[in-house]
Amino acid sequence: MRKPNIVLIMADQLAPHFLPSYGHRVVVAPHISRMADEGVTFDWAYTNSPLCGPSRYVMMTSCLPARIGAWDNAAEWSVEIPTFAHYLADRGYLTCLSGKMHFIGPDQLHGFEERLTTDTYPADFVWHPRWDQPHERQDWFHTMKVVIEAGSTLAAVNIDYDDEVTFRAQRWIYDRARSSERPFMLTVSFIQPHDPYLARPETWNLYADDDIDMPVTTYEQAPRDPHSDRLRWSIGASDIVLTEQQIRAARRAYYASVSDFDRRVGLVRQALEETGLADDTIVIITSDHGDMLGERGMWFKMSFLERSVRVPLIFWCPDRLKPRRVTEAVSLVDLGPTLVGLATDRADIDYPTRLDGRALLPHLYGDRGHDEVIGEYYAEGALNPMFMVQREGAKYVVSEGDPDQVFDVKADPEELSNLAGTEATLAGVKKEISERWDSAQLTDQVLESQRRRAFVSRVMRTQGISWDFTPRFGGQDLYIRSHLPIGVLEEQSRFPRYAPPDSR
């Protein structure tokens, strides 16, 4: 069988709780719903670190954060650590990125042979937390301004960016249909529905204020925990009292952005179907993390609570995968070996470095696979490393200085009952955590890294040095030029090629 093409479509900050394919009754997302119905849907998929950069770093390398220094949104992606793009390129794939991946450092490809857009965020060290200054709010950090000012708009940075990502991805697919014999791996990575909570009128008007459901659990109803309180303080949520209308507007804009993401998923799939590539292409839909979206008085991510740490995960290829729902807990660290497994017919793969992820092939083909997620967090709102272990519905969150948390997330999806005082296996999990990680040593590593990056960042800004990626769109080979006759160029650009009508 021919090696399948692979298209990975990513949202940013999309919790599965806000998709109809995961049970939400308000959000409109017909394209994702159709692909979930026709594909393999993972009901309990998680990020391994609930923040953009670390989550993507882990997803692409299949290594957990501490092994690769994926501390926060300004941690450098090491050039020497292979990614799934490297592994697939090594197996003959043309690898391409359209959209966001939040690479930090001078390497802005990390195994992608082509990159079609710049990134949304800076590639330098500026956005790093300061654990040694826990009472200082950083000027680059999230604020409640994006909640208070949520609504409808004609243009915004997120919408503009996703317009470009969509266009470049569609055109690239048509280029492959015209010219390429190699199997390809295309990553299409959008910024929506990430804040700011803004949406164009056509998606905003899919909803009415009265349609918008309010958070299930208010701040007053939620149990207190120090990490959540620190996060609320850091974003300014503890400084204000939001009105019901402000919460509804932010959620409405988020839902509208989910609908816009869904529309773009449909456009990518349409390009595959129109070019005849869909039958040989596995499409994967996921996100880097979720969004609390007002639950428990919290917003954005950076927490191991469910709406922050869970992600959608859907594999769609009707000719290869039978529809099913997977109930085991899996995570983004598993994506790398899964892609390699789908792209190769070899059972034994000699990776140059140990992977922490495990292939999801048993889950995809109807067998029972692993049911475990390991999480680490070293960024905003934390004072020490935070660790999560989840197995068979039991979630354990442990951080030095903070109370232990244990939740039965399937029986208690809102995580209202902390079982830490009654859970018999907690002692065993804490022993496992202490054996797996040295929290004190990791704290020293994080603090030293933060200090180094603060210094280097200051010097780089003084020098005017930037690592931001600039796409190369030279006009010398585009459209009609003089290197070939006009008729040849017009013929080469047409898809499908002209075929004379049947003369019979």
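A: Contact here means heavy atoms within 4.5 Å; helices (H or I, at least four residues) and strands (E, at least two) are DSSP runs, numbered from the N terminus. This is a predicted model, in which local features need pLDDT of at least 70 and side-chain atom pairs pLDDT 80 or more, while totals for chains, interfaces and linings use all residues. Residues are numbered from 1 along each chain as its sequence is written, and side-chain values use heavy atoms, leaving out hydrogens and water.

Which residues of helix 13 are buried? They are L426, V429 and I433 (buried is under 20% relative accessible area, exposed over 50%, partly exposed in between, with a 1.4 Å probe and protein chains only). Looking down the axis of helix 13, you find its buried residues within an arc of 60°, so they line one face; the arc is taken from the directions from the helix axis to the C-beta atoms. An α-helix has 3.6 residues a turn, so residues three or four places apart point the same way. The face turned away from the buried side of helix 13 carries the exposed A427, S434 and E435.

Now for charged side chains. The count of salt bridges comes to 38, each a side-chain nitrogen of Lys or Arg within 4 Å of a carboxyl oxygen of Asp or Glu. In one of them, D12 meets R56 at 3.2 Å, N to O. D12 is in strand 1 (residues 5–12) and R56 in helix 2, so this pair ties together parts 44 residues apart in sequence. Both D12 and R56 are buried. Another salt bridge joins D43 and R325 at 2.6 Å. D43 belongs to strand 2 (residues 40–46) and R325 to strand 11 (residues 324–331), so the parts they tie together are 282 residues apart in sequence. D43 is buried, at 16% relative accessible area, whereas R325 is partly exposed, at 37%.

Rings pair up too: the whole structure has 17 aromatic pairs (Phe, Tyr or Trp, using the six-membered ring of Trp, with centres within 6.5 Å; planes under 30 degrees apart are stacked, over 60 edge-to-face, the rest tilted). The ring centres of Y57 and W77 are 4.6 Å apart and their planes lie at 5°, so this pair is stacked. Y57 and W77 are both buried.
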